[in-house]
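Hi there,

Here is the structure I promised to pass on to you. Could you open it beside this email while you read?

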Amino acid sequence: MTRRTAGLARIRTGAAILGLTFGAALLACGEARAQSSGGGRFSLFDGIFTGSLSQGSRSTRPSPGTTAQAQPVQAGSAALPWSGEDGASGHPLMTAAAIREAAANFDNCVAGMWPDAARRGISQANFERFTAGLTPDLRIMDLMDSQPEFTKSIWDYLDILVNDNRLAKGREILAKYKPQFDATEKAYGVDRYAIAAIWGIESNYSTQMGDRSVLQSTATLSCIGRRQKYFRDEFLSALEILNHGDLRPEQMRGSWAGAFGPTQFMPTAFKRYAVDADGDGRRDVVDDPADLIASTANNLRKDGWQTGQTWGYEVVVPAGFNYMLADRAKAMTIAQWEHLGLTHAGGKPFPHPAEKAYLLAPAGAEGPGFLMLQNFRVIMKYNPAEAYALAIGHFADRLRGGAPFVQPWPRQERELSKAERLELQQLLAQRGFYRGTPDGQLGGQTRDALRGFQASIGAPADGFASSDVLERLRGR
C-alpha cells in the first residue's frame, strides 16, 4: 500500500473490483500494494477477510534435516502453522516441496544477501546483528496464496470501514494533532481529512497495525515463494532503515507482507516518502505523529495529489445508460458526462465542469455511480483497489462533516461463492463470451465477458456478477 504491499497480505490487489469479487480483490490488494510503487498496508483487511484482526505471529525454525514447518508463537489470538500444502496459485515455487526445500536453505539465503547489503552502505556489524536468529515464517505462504471461498460486497466493506466509532476516533485524532495537520497541509497541500482517513482505515488509528516482524516477513519472502526478487528489495530496504537509525526492530512490526506503522509503509516506500518533520534526526512513521502525518502527505503529493480538489462525486446514472463507458480508461469532462445524463446525487451542480473523470459503478446498474477525479487515482496508487480508494474518499468526506451516500446499495444481492464464480466463468466460456481459464477470480476479462452476455439478453451491460446473471446463464 504507497503502501502497497503491505499489504501484500493484502496486497494482491487489485484490480478490477467493480463489484465482481470484492473481497478477493481486496485480499489481493495487499500484494498489489506490495508490488506497486509505494508501500503499505492491509493489516486491518487481513482480519476482515480472513477472520482474525490479529496479524501477529513469530515462528521458530526447524533444525537442519527436519520438516521445515514454522511453529508460530502468537501475540494475541491463536495463530495457525503453515498448512504444508501446495499454494493455490500453482506457481512452481509455491509447491509444498519447493517451500520445504527453500526453508531448509534459509540461513544460506539470508547470508548470501550480505554483498547486496554492503553495497547499500549497511555495516557488517549491523547486518549480522539484525539478521541473527532470523527464521522463516512459513504461514506466510498460505496467506500469500489464499483464495477466499466467500467474499465481501462493497457495501459490507464500506459498512465495516466507515462506521460511527471510527469516525469519532478520527475526529479525536484531527483535534489532538491539529498543529501537525496544520503544518502538513501548509507544507504539502494535502487534505488533512484524506490523511486521517488513511490512518483510520489502514490501522484503525494505530490499534491494528499487525504484529509480525518486518525483518522476518520480508526475509521469508526474499528466500521462499514466488515473489523473491521483489521482497529482496523490501528486506534490504528494511535493513537500511535500521542501519540508518530511523527505527528500531521492535517498531518494525506489521503485516505478513512487511507493511508497518499506522499508515502501513512498505520499507521501499519508507525510503521514498518518509520525512523528518520535527527535525529530531529520525524519520519515525510509527511513534512520531509529526513524521507520520507528513510522510503520508509526502507520499500522496509525490503521487500527484491536487491541492484543493476532491476525489470524486456520487452520481445518478440514468436508465438505459451504456455501461461500456464505465471504464477507468474512458475519462471525459464532467460536462460531457452531464450531457450523457449523469447528475450529481443530491441535485447540486458540479463545481468544475471542465474536470476530467471516469465513471465507476461498483455495484452495477442497481447501485450508485461515481465520477472519479485525479485524487481518486492518487489514492489508488497508495493501494490499487477501487474499493479501498472509495472507502478512503468517503471516510474523508464524512470526517469533514459530509453526509452518507445518497443512493442505496443493492443489499438484496449476495456475493457469489468461489464455486459459483467458477461456474459463471465456465458458462460464459460455453456461450463464447469468455476465453480465459476459469479460476474463480472475476477480473477485467470476466467483466468484459459478462457485459457481452448481458448485452445479448438486453440487460444493462454493467459487468456485475450477480446471482441473477448466473441464473440467466444457467437458463433458468
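Below is what turned up, going from helix contacts to the sheet, a salt bridge and a loop.

First, the ground rules. This is a predicted model, so to speak of a local feature we need pLDDT of at least 70, side-chain atom pairs count only at pLDDT 80 or more, and totals for chains, interfaces and linings use all residues. Residues are numbered from 1 along each chain as its sequence is written, and side-chain values use heavy atoms, with hydrogens and water left out.

**Helix 10 and its neighbours**

Helices (H or I, at least four residues) and strands (E, at least two) are DSSP runs, numbered from the N terminus. Helix 10 covers residues 164-176 and helix 19 covers residues 386-399; their axes come within 10 Å and cross at roughly 65 degrees. Axes here are lines fitted to C-alpha atoms, for helices over the stretch in contact, and angles run from 0 to 180 degrees between N-to-C directions. Helix 10 and helix 19 are therefore roughly perpendicular (under 35 degrees counts as roughly parallel, over 145 as roughly antiparallel, 65 to 115 as roughly perpendicular and the rest as oblique). On the helix 10 side the contact (heavy atoms within 4.5 Å) involves Arg-166, Leu-167, Gly-170, Arg-171 and Leu-174, and on the helix 19 side Phe-395, Arg-398 and Leu-399. By class, that contact has 4 nonpolar, 1 polar and 3 charged residues (Ala, Val, Leu, Ile, Met, Phe, Trp, Tyr, Cys and Pro count as nonpolar, Asp, Glu, Lys and Arg as charged, and the others, Gly among them, as polar).

Helix 10 also meets helix 12 (residues 192-203): their axes come within 10 Å and cross at roughly 125 degrees. Helix 10 and helix 12 are therefore oblique to each other. Arg-166, Ile-173 and Leu-174 of helix 10 touch Arg-192, Tyr-193, Ala-196, Trp-199, Gly-200 and Ile-201 of helix 12. This contact of helix 10 with helix 12 divides into 6 nonpolar, 1 polar and 2 charged residues.

**Helix 20 and helix 22**

The axes of helix 20 (residues 418-430) and helix 22 (residues 467-474) come within 10 Å, crossing at roughly 45 degrees. That makes the two helices oblique. Glu-420, Glu-423, Leu-424, Leu-427 and Leu-428 of helix 20 meet Val-469, Leu-470, Leu-473 and Arg-474 of helix 22. The contact of helix 20 with helix 22 has 6 nonpolar, no polar and 3 charged residues.

An open sheet is formed by 5 strands in the order 6-8-9-5-7, with antiparallel pairing (two strands pair if DSSP finds at least two bridges between them). At its edges are strand 6 (332-333) and strand 7 (343-344), each pairing on one side only. Strand 8 (residues 356-360) pairs with strand 9 (residues 369-372) over 3 bridges, in the antiparallel sense. Leu-359 has Leu-371 of strand 9 as its bridge partner.

**A salt bridge and a loop**

How many salt bridges does the whole structure hold? A search finds 24, a salt bridge being a side-chain nitrogen of Lys or Arg within 4 Å of a carboxyl oxygen of Asp or Glu. Asp-116 and Arg-119 are 3 residues apart in helix 6 (residues 114-119), so about one helical turn separates them.

Lastly, Asn-204 lies in the loop between helix 12 and strand 3 (212-213), and its phi is near 50 degrees, a positive value in a residue other than glycine. Tyr-205 is found in the loop between helix 12 and strand 3, with a positive phi near 55 degrees. Most residues other than glycine have a negative phi.

Best wishes
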